[in-house]
Amino acid sequence: MLTLTFHGHACFVIEGDRRRVIIDPFITGNPAADIKLDQLPKIDAVLLSHGHGDHLGDAVAISKRDGALIVATYELASFCESKGAKVHALHIGGSHQFPFGRVKLVPAFHGGAIEGDDGTHTTAPAGVVLTMAGTTVYHTGDTSLTMEMKLLESRVDVMLVPIGDNYTMGVEDAARAVEFVRPQIVIPMHYNTFDVIKADPNEFKRKVGNQSDVVILAPGQSIQRT
Ligand code: NI
Ligand code: MN
């Protein structure tokens, strides 16, 4: 059984087979987060879509606290390692089997600047495909609609898709992304955290129609899949 819990913005905790991972752990400073970092249970791995602050978030702190492995694109993993985190670098198109499951990074069209003590670093953004406890979850990261998404058609059980517009897809393109991927379940993310990314998840649900099951999670809510 897999349990997936939304913690606001693009942050999800996924648990299965007695392992727990977090994707894009923006908790501290996240206006939409339902928990504080010290309420987060022990994490085995931190998966990152990209290095922007609203995704990198507390990644390094969680790695240091729990000995959690950060899995990210090479440049971002190197940055995290330089801050004292335990890391495993992957790159777009590559996958690796970890004790908690398999992670593959896929294309995302977005930026990837991160502010270091020594200036700004450029890192590649990605989408994260995680297969854990028999379920495949696709966290698109921050991205536009891309034809590359069609490569995942019918290979995804749960899709996590941004609908907030401005920096990423809005509801219209997000609904087309669902058409491309055809997941069983889709959960909207990356909206209403800030004024500039206000969106109506019910409008998204209407646009998706009956092609996939749209589940709108408030921060703190979970879904389970057997
Ligand atoms: Ni971003
Ligand atoms: Mn973002």
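A salt bridge is taken here as a side-chain nitrogen of Lys or Arg within 4 Å of a carboxyl oxygen of Asp or Glu. The model is predicted, so that local features need pLDDT of at least 70 and side-chain atom pairs count only at pLDDT 80 or more, whereas totals for chains, interfaces and linings use all residues. Residues are numbered from 1 along each chain as its sequence is written, chains are lettered from A and ligands numbered from 1 in the order in which they are written, and side-chain values use heavy atoms, with hydrogens and water left out.

The structure holds seven salt bridges. In one of them Asp-66 is paired with Arg-65, the closest N and O atoms being 2.9 Å apart. Burial is expressed as relative accessible area (buried under 20%, exposed over 50%, partly exposed in between; 1.4 Å probe, protein chains only). Asp-66 counts as buried because its relative accessibility is 16%, while Arg-65, at 38%, is partly exposed. A further salt bridge joins Arg-182 and Glu-153 at 3.9 Å, N to O. This pair links distant parts of the chain, 29 residues apart: Arg-182 belongs to the loop between α4 and β14 (185–189), and Glu-153 to the loop between β12 (135–139) and β13. Helices (H or I, at least four residues) and strands (E, at least two) are DSSP runs, numbered from the N terminus. Within helix α5 (residues 201–208), Lys-207 and Glu-203 lie four residues apart, about one turn of the helix, and form a salt bridge with a closest N to O distance of 3.9 Å.

Asp-66 is also one of the buried residues of α2, together with Ala-59, Val-60, Ile-62 and Ser-63. These residues are on the same side of α2 because they cover an arc of only 165° around the axis, the arc being that of the directions from the helix axis to the C-beta atoms. The buried residues of α2 pack against β3 (19–23), β4 (45–47), α1, β5, α3 and β6, contact meaning heavy atoms within 4.5 Å. Just after α2, Gly-67 has a positive phi of about 70°. In helix α3 (residues 74–82), the buried residues are Leu-76, Ala-77, Phe-79 and Cys-80; their arc of only 155° around the axis places them on the same side of α3. Their packing partners are α1 (53–56), α2 (59–66), β5 (69–73), β6 (86–90), β9 (113–116) and β10 (119–122). Gly-84, which follows α3, has a positive phi near 100°.

A nonpolar core is a set of buried Ala, Val, Leu, Ile, Met, Phe, Trp, Tyr and Cys residues joined through side-chain atoms within 4.5 Å. The largest core comprises 29 residues, of which Leu-4, Ile-14, Leu-47, Phe-100, Val-103 and Ile-187 touch the most other members. Strand β11 (residues 126–132) supplies the largest share of this core, four residues. Apart from it lies another core, of 24 residues, including Met-149, Leu-152, Met-159 and Val-161. Val-161 lies in strand β13 and counts as buried because its relative accessibility is 0%. Beyond four places in sequence, the contacts of Val-161 are Thr-140, Met-169, Ala-174, Val-186, Ile-187, Pro-188, Met-189 and Phe-204.

His-55, in helix α1, is likewise buried, with a relative accessible area of 0%. Residues up to four places away being excluded, His-55 touches His-9, Ala-10, Asp-24, Pro-25, Phe-26, Leu-48, Ser-49, His-50, Asp-142 and His-190.
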